[in-house]
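Subject: Structure handover

Hello,

Here is the structure for you to take over. Please open it first, then read the notes below.

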Amino acid sequence: LKAELGRTASSKGTLAHVVTVPNRSLYDTFVIDGGEDVGIAIGQTVYAFDSIALGTISAVADTHATVSLFSTSGRETPGSVGGNNVSVALIGRGGGEYEVRLPRDLQFTTGELIAYQSTHTAVLAEIERIATDPRDPFQRLIAKVPINLQALKWVLVK
């Protein structure tokens, strides 16, 4: 259907080297070595391994750009959970972690992936822990980016 409507899945993008990893730059951001000189623009999505959505370009200079992580504290990102295909809002907790509040009646398991809602299929996070309280009708899913952000070397900007 996507191909018929002109929305083909393409892995084309701009490969960029990570200059400063998140723990060496401003809170929940990192800098890449591509900027306006290679066509990078504010708002583009940044991926690790072309399959893990990390964040968006928040600032661009001639030769470098700043990436703001989706997991920035308080930032809300739409997603959907695995086999249930339940739409969720991931709330950033910082450092690659998210929290999702959903009714306790819905069943989830640790290790389940949460996908980024876009035409390009990508993972946002993996459920690490499920916290429930019998007094609360909601459960909290604690999820984390499934890669080590401190070891990030290359990203793809689309």
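Rings of Phe, Tyr and Trp (its six-membered ring) count as a pair if their centres lie within 6.5 Å; planes under 30 degrees apart are stacked, over 60 edge-to-face, and the rest tilted. A search of the whole structure finds 1 aromatic pair. The centres of the Phe70 and Tyr116 rings are 5.0 Å apart and their planes are at 35 degrees, so this pair is tilted. Phe70 sits in the loop between strand 5 (65-69) and strand 6 (76-81), and Tyr116 in strand 9 (residues 113-116), so the pair ties together parts 46 residues apart in sequence. Strands (E, at least two residues) are DSSP runs, numbered from the N terminus.

Before the rest, some ground rules. This is a predicted model: local features need pLDDT of at least 70, side-chain atom pairs count only at pLDDT 80 or more, and totals for chains, interfaces and linings use all residues. Residues are numbered from 1 along each chain as its sequence is written, and side-chain values use heavy atoms, leaving out hydrogens and water.

Around the pair

Phe70 and Tyr116 are both buried (under 20% relative accessible area, with a 1.4 Å probe and protein chains only). Thr45 lies in strand 3 (residues 45-48). Its relative accessible area is 12%, so Thr45 is buried. Lys158 also lies over the face of Tyr47, at 5.4 Å from the ring centre (the rule: NZ of Lys or CZ of Arg within 6 Å of the centre and within 35 degrees of the ring normal).

Strand 11 and its partners

Strands pair if DSSP finds at least two bridges between them. Strand 8 (residues 97-103) and strand 11 (residues 138-144) run antiparallel, joined by 7 bridges. Here Val100 stands opposite Leu141. Strand 10 (residues 122-132) is also antiparallel to strand 11, with 6 bridges. These two form a hairpin with 5 residues between them.

Gln139

Gln139 is in strand 11, and its bridge partner is Thr132. Is Gln139 buried or exposed? At 4% relative accessibility, Gln139 is buried. A polar atom of its side chain lies 2.7 Å from the backbone oxygen of Leu106. Beyond four places in sequence, Gln139 touches residues including Val100, Leu106, Phe108, Ile130 and Thr132.

Best wishes

Technical notes
Helices (H or I, at least four residues) and strands (E, at least two) are DSSP runs, numbered from the N terminus. Buried means under 20% relative accessible area, exposed over 50%, partly exposed in between (1.4 Å probe, protein chains only). A polar contact is a pair of N or O atoms within 3.5 Å; within protein, one must be able to donate a hydrogen and the other to accept it, and residues adjacent in sequence count only if both atoms are side-chain atoms. Contact means heavy atoms within 4.5 Å.
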